[in-house]
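Subject: Structure for you to look at

Hello,

Here is the structure we talked about, with its sequence. My notes on what was found in it follow below.

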Amino acid sequence: RYVAAFHAHLFLSANAEDVQKAIQAGCAAATIINSKNLHNESPELRVAFDGDAVLFSDESQKIYDTKGLSAFDHNEKQTATQPLPGGPFKAFLSALHQLQQQFPPKSCPIRTALVTARAAPSHERVIRTLRAWDIRIDEALFLGGRNKTEFLQAFGADFFFDDQRDNCLAASEYIATGHVPT
């Protein structure tokens, strides 16, 4: 109930009910999944995000879910020049980006990554969207359906946000993970 009063950009909780309430209040929110092995030697804070239904709206994900990969690829080719609508974590990414702008690029203590199952040709719309939003992502990994956990480990993620529970459970073995309910 205090999310709006604090002007919070992010709400994390192990309580799914509280997460739903924060989402209803218009705040980016995720359910924390217990992590077993949290060891990162980087002095930077490294935050990784899934794309569809996290940084971006779930409109493209819905096409994939209902009509399959071919329809998804066709839609992304047809709409490549149209920025994706923002998802629940767009404002949080924007807030991180604003913090990053306070530091010279080579000494910024915050790094961000997009870790998505998307691949060519659907990557074009994502890149154009981030440019339209004027938000810089330090690393963008288009995995074409590969398992995200190894890439998250290689990036040295301190935290990962995804809407797919299976991705969250796999990543939570090594990385603090937040499940973004859809």
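Helices H3 and H4

H3 and H4 run roughly antiparallel to each other, because their axes cross at roughly 150° and an angle over 145 degrees counts as such. The two axes come within 7 Å. Please keep in mind throughout that this is a predicted model.

On the H3 side, the contact is made by Ser60, Ile63, Tyr64 and Lys67. They meet Leu69, Ala71, Phe72, Asn75 and Glu76 of H4. Sorted by class, this contact has 5 nonpolar, 2 polar and 2 charged residues.

H4 covers residues 69-78, and its buried residues are Phe72, Asn75 and Glu76. Viewed down the helix axis, these buried residues fall within an arc of 95°, so they line one face of H4. An α-helix has 3.6 residues a turn, so residues three or four places apart point the same way. Ser70, Lys77 and Gln78 are exposed on the other side of H4. The cover over the buried residues of H4 includes H3 (59-67) and H6 (123-133).

Helix H6

Which residues of H6 are buried? They are Arg125, Val126, Thr129, Leu130 and Trp133. Down the axis of H6 they fall within an arc of 135°, so they too line one face of their helix. The face turned away from that buried side carries the exposed residues Arg131 and Ala132. Covering the buried residues of H6 are, among others, H3, H4, H5, E4 and strand E5 (139-142). Aspartate 134 follows H6 and has a positive phi, near 60°.

Nonpolar cores

The largest nonpolar core has 24 residues. Phe49, Leu55, Phe56, Phe89 and Phe161 are those with the most contacts inside it. Two or more residues each come from strand E2 (28-33), strand E3 (45-49), helix H5 (90-100), strand E4 (110-116), H6 and strand E6 (159-162). A second, separate core has 10 residues, including Ala113, Leu152, Ala157 and Ile175. In soluble globular proteins, nonpolar side chains tend to be buried together.

Leaving aside neighbours within four places in sequence, leucine 55 is in contact with Phe49, Asp50, Gly86, Gly87, Phe89, Lys90, Leu93, Leu114, Trp133 and Ile137.

Threonine 112 sits in strand E4. Its relative accessibility is 0%, so threonine 112 counts as buried. Residues up to four places away in sequence not counted, threonine 112 touches Val47, Phe49, Leu93, Leu96, Gln100, Arg136, Ile137, Asp138, Glu139 and Phe155.

Phenylalanine 103 is in the loop between H5 and E4. Is it buried, exposed or partly exposed, and what is its relative accessible area? Phenylalanine 103 is partly exposed, at 35%. Again not counting residues up to four places away in sequence, phenylalanine 103 touches Cys108 and Pro109.

Serine 172 is in the loop between helix H8 (165-171) and strand E7 (176-179). Serine 172 is buried, because its relative accessible area of 3% is under 20%. With residues up to four places away in sequence left out, serine 172 touches Ile33, Asn34, Ser35, Lys36 and Thr177. Serine 172 and arginine 136 are 36 residues apart along the chain, and their C-alpha atoms are separated by 26 Å.

Regards

Technical notes. Residues numbered from 1 in each chain as written. Predicted model: local features only at pLDDT ≥ 70, side-chain atom pairs only at ≥ 80, totals over all residues. Heavy atoms only, no water. Buried < 20%, exposed > 50% of the residue type's maximum accessible area, 1.4 Å probe, protein only. Helix = DSSP H or I, 4+ residues; strand = E, 2+ residues; numbered from the N terminus. Arc of directions from axis to C-beta. Contact = heavy atoms within 4.5 Å. Core = buried A, V, L, I, M, F, W, Y, C linked by side-chain atoms within 4.5 Å. Axes fitted to C-alpha atoms, helices over the stretch in contact; angles between N-to-C directions. Parallel < 35°, antiparallel > 145°, perpendicular 65-115°, else oblique. Nonpolar A, V, L, I, M, F, W, Y, C, P; charged D, E, K, R; others polar.
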